[in-house]
Amino acid sequence: MSDRILVLVRHGQSEWNLKNLFTGWRDPDLTEQGVSEAKRAGALLKAEGLKFDVAFTSDLSRAQKTLGLILGEMGQEGVPTTRNVALNERDYGDLSGLNKDDARAKWGEDQVHIWRRSYDIAPPGGESLRDTVARTLPYYVQEILPCVLRGQATLVAAHGNSLRALIMTLEKLSPEGIMKRELNTGAPIVYKLAADSTVAEKRDLVA
């Protein structure tokens, strides 16, 4: 069987990333920098000689656009792609659209830190990371992982927290460990999986 390749990429910088706003399920576009980051990710993957068989992304345009730019840069625009809400960013509920500094002024530094960095405490009207894992992981197991294990090179362009849900499983990280894990925008992570779906090899691609 061919290599079992899974590539995860967080979307390029969005307009709300730039403005330091809680984004969640809101749908801002990429910035010029975000477009450049996505194209750079495509160039890095092309340099690796990767040819994707399938791709997955979220229901949000910043992830979809990132995926399109990556595949365009690689000359692989025709890759079959599935979009699903299961891969959406964590829903920040009442924090969505707020500047992070304004949120601290309203609720306090400590409370906002708990909402952002605890595993299982959700902001008002939103999701905790545990909630995000609960909707993202089953989709990964049922839809994405089988493609990888069949030997189909698989690309996932999604969001910081939905990708953390996958990374937590792939790298067997604790709730504390995954909350400390930072994912840079537009930076591909290449996994090669063993037949039992454990990680045989992991590489971070950097320019």
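Good morning. His11 sits in the loop that connects strand S1 to helix H1 (15-18); helices (H or I, at least four residues) and strands (E, at least two) are DSSP runs, numbered from the N terminus. The model is a predicted one, in which local features need pLDDT of at least 70 and side-chain atom pairs count only at pLDDT 80 or more, while totals for chains, interfaces and linings use all residues. Residues are numbered from 1 along each chain as its sequence is written, and side-chain values use heavy atoms, with hydrogens and water left out.

Let us stay with His11. Is His11 buried or exposed? With a relative accessible area of 2%, His11 is buried, a word that stands for under 20% relative accessible area, computed with a 1.4 Å probe on protein chains only. Leaving aside neighbours within four places in sequence, the contacts of His11 (heavy atoms within 4.5 Å) include Asn17, Leu30, Arg62, Ala158 and His159. The side chains of His11 and Arg62 also make a polar contact at 3.3 Å. By that I mean a pair of N or O atoms within 3.5 Å, one able to donate a hydrogen and the other to accept it; residues adjacent in sequence count only if both atoms are side-chain atoms.

UniProt, in an unreviewed entry, places the feature "active site" at His11 and Glu89. Such annotations may be inferred rather than shown by experiment. The two positions are spread over 79 residues of sequence, yet they cluster in space, with a largest C-alpha distance of 10.4 Å. Both His11 and Glu89 belong to the lining of the largest pocket. A pocket here is an open set of points on a 1 Å grid where a 1.4 Å probe fits, with protein on both sides within 12 Å along at least five of seven lines; lining residues have an atom within 4 Å of a point.

Glu89 lies in the loop between strand S3 (81-83) and helix H4 (100-107), and Glu89 is buried, at 9% relative accessible area. Among its contacts, apart from neighbours within four places in sequence, are Arg62 and His159.

How many residues line the largest pocket? There are 21, of which Arg10, Glu89, Tyr92, Lys100 and Arg116 lie nearest its centre. Helix H5 (109-117) and H7 each supply at least two lining residues, and the largest share, 3 residues, comes from H7.

Terms used:
Buried < 20%, exposed > 50% of the residue type's maximum accessible area, 1.4 Å probe, protein only.
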